[in-house]
Amino acid sequence: MYVKIYGKKNCPQCEQAKALLESKSLGYEYIDLGSNIEAMQEAKAKGWRSVPQIIIDGRPACGYKELAAYIDLL
């Protein structure tokens with residue numbers, strides 16, 4: 001499973017998503033939209049208006065709640 005999290009500093013849901021993955025010993029890539037101009041442009045182009053945006057195996061999974069539900073199924 002490959003997980004990519006697009007987030008920002010001071011985002012409680014972003015921190016929850018990272019903590020959840022770490023608690024399950026699942027790796028992830030974290031992209032800080034506040035410090036990555038290319039990623040911010042990509043987010044705007046995709047119409048993302050909130051964080052975290054979580055991608056699992058190349059498919060958008062939406063936010064923290066959806067991630068938690070997906071991991072519960074594993």
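Two strands pair if DSSP finds at least two bridges between them. The views below show a predicted model.

**View 1. The β3–β4 hairpin and its turn.** Strands β3 and β4 form a hairpin. Two residues lie between them. D57 sits in the turn and has a positive phi of about 50°. The two strands run antiparallel and are joined by three bridges. β3 covers residues 53-56, and β4 covers residues 59-62. I54 has C62 in β4 as its bridge partner.

**View 2. Parallel pairing of β1 and β2.** β1 spans residues 3-7, and β2 spans residues 29-32. Four bridges join these strands, which run parallel. Y6 has I31 in β2 as its bridge partner. With α1, the two strands make a right-handed β-α-β unit.

**View 3. The largest nonpolar core.** This core has 11 residues in all. Among them are V3, I5, A17, I54, I56, A61 and I71. β1, α1 (12-23), β3 and α3 (64-73) each supply at least two residues of the core.

**View 4. Contacts of L67.** Neighbours within four places in sequence are left aside here. L67 is then in contact with A17, L20, L21, I54 and I56.

Definitions and conventions
Residues numbered from 1 in each chain as written. Predicted model: local features only at pLDDT ≥ 70, side-chain atom pairs only at ≥ 80, totals over all residues. Heavy atoms only, no water. Core = buried A, V, L, I, M, F, W, Y, C linked by side-chain atoms within 4.5 Å. Buried < 20%, exposed > 50% of the residue type's maximum accessible area, 1.4 Å probe, protein only. Contact = heavy atoms within 4.5 Å. Right-handed = clockwise from strand over helix to strand, strands pointing away.
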